Every structure is written in structure tokens, then in C-alpha cells.
Amino acid sequence: VMGIYIVYQESISFPEFLDKSTGGWFKGKNPNLDKEILNNRWVEKAHVLYIGKAGGNNKSNLYKRINLFIKFGNGKNVAKRGGRAIWHLKDQGELLIAWKEIIDNEPREEEKGLIDKFVEKCNKKPFANFKR
């Protein structure tokens, strides 16, 4: 199953950042980001924090991809570093994930289109999207 998923928050207040990420150390790569980077990436008044994809060219399954994202956030050593800034949020347990299955389009195009719309509205990428 191909698709896209969005990590979002109901609150739009400025967050508290954890000193250390809850993310896993996949292949010895440190999941921690500097607080200055986190502060600079924060998008005021935005509910959407991250937009991800699964399927298409990378052949991953949407539901497995979301599961890997959550496992990474719980400190597991898994191959899913995308969105890793999420795991610095103190209130990460209150975040929600929405997803959409895609049948007839490339998930990367859908993801890029959503990120482009976000940038048009907010003048920067979602908080945890480092690539566009």
C-alpha cells in the first residue's frame, strides 16, 4: 500500500524541546539536534509538523513506514530517520498521525505537493521536514 502521512498537533503553542531526542541510533547516527536548529525550524501557528511518504519508488508499505517512524521515536534502532525533529518535542505523546492511501499517483509527488503548499502558506517547510 502506497501513501502519504502527516504528523500534526492540535495545539499551536511554542513547544518545549527535550535536551535529548527519544529517537533511536540507527547505524550509530546520533538522532539529537541542537536546540538552536529546533527553534529556527519551528513554524509559528502551524498544526502540521511533518509530511512523509511510503511506496512508489522506495517500495515501502505505508503502514510499515508509519510503524517504523513510531518505533524510531521509541528509541529503536530502525531505518527511519525522516522526521527525527519530532522526537525532541516534550509533548510528542499528544501528536496525531493522519494518512491517505494512494493508488494511481507517485507518493513522492503527493508529498512534494503538500510540502510546496505548506511553504507557500508559511514561507518555510514543516518543522520536521528537512528535505523538500
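1. Gly-3 stands opposite Glu-101 in β3. Strands β1 (residues 2-8) and β3 pair in the antiparallel sense over seven bridges; two strands count as paired if DSSP finds at least two bridges between them. Helices (H or I, at least four residues) and strands (E, at least two) are DSSP runs, numbered from the N terminus.

2. This is a predicted model, in which local features need pLDDT of at least 70 and side-chain atom pairs count only at pLDDT 80 or more, while totals for chains, interfaces and linings use all residues. Residues are numbered from 1 along each chain as its sequence is written, and side-chain values use heavy atoms, with hydrogens and water left out.

3. The sheet is open and has three strands in the order β2-β1-β3, with antiparallel pairing. Its edge strands are β2 (48-54) and β3, each of which pairs on one side only. From one strand to the next the twist averages 15°. Six bridges join β1 to β2, and on that side Val-7 stands opposite Tyr-50 in β2.

4. Helix α2 (62-73) lies across β1, β2 and β3 and runs at about 155° to β3. Helix α3 (residues 107-122) packs on the sheet and also touches β1, β2 and β3; its direction makes about 165° with that of β2. Axes are lines fitted to C-alpha atoms, for helices over the stretch in contact, and angles run from 0 to 180 degrees between N-to-C directions. Contact means heavy atoms within 4.5 Å.

5. Strand β2 is mostly covered, with five of its seven residues buried. The classes are: buried, under 20% relative accessible area; exposed, over 50%; partly exposed, in between (1.4 Å probe, protein chains only).

6. His-88 lies in the loop between α2 and β3 (96-102). His-88 counts as buried because its relative accessibility is 0%. Its side chain reaches the backbone nitrogen of Leu-33 at 2.8 Å. A polar contact is a pair of N or O atoms within 3.5 Å; within protein, one must be able to donate a hydrogen and the other to accept it, and residues adjacent in sequence count only if both atoms are side-chain atoms. Ile-86 is buried, with a relative accessible area of 0%. Its contacts, leaving aside neighbours within four places in sequence, include Val-7, Leu-49, Tyr-50, Phe-69 and Phe-127. Ile-86 and Phe-127 are 41 residues apart in sequence and 8.0 Å apart in space, C-alpha to C-alpha.

7. Gln-9 lies in the loop between β1 and α1 (35-41). Gln-9 counts as buried because its relative accessibility is 4%. A polar atom of the Gln-9 side chain lies 3.1 Å from the backbone oxygen of Ser-11. Leaving aside neighbours within four places in sequence, Gln-9 is in contact with Trp-42, Ala-46, His-47, Leu-49 and Leu-95.

8. The largest pocket has a volume of about 410 Å³. Of its 17 lining residues, Tyr-50, Lys-80, Gly-82, Gly-83 and Lys-131 lie nearest its centre. The elements giving two or more residues to this lining are β2 and α3, and β2 has the largest share, three residues. On a 1 Å grid over the protein atoms alone, a pocket is an open set of points where a 1.4 Å probe fits, with protein on both sides within 12 Å along at least five of seven lines; lining residues have an atom within 4 Å of a point. Grid points are joined across faces, edges and corners, and the volume is the space filled by probe spheres set on the points.
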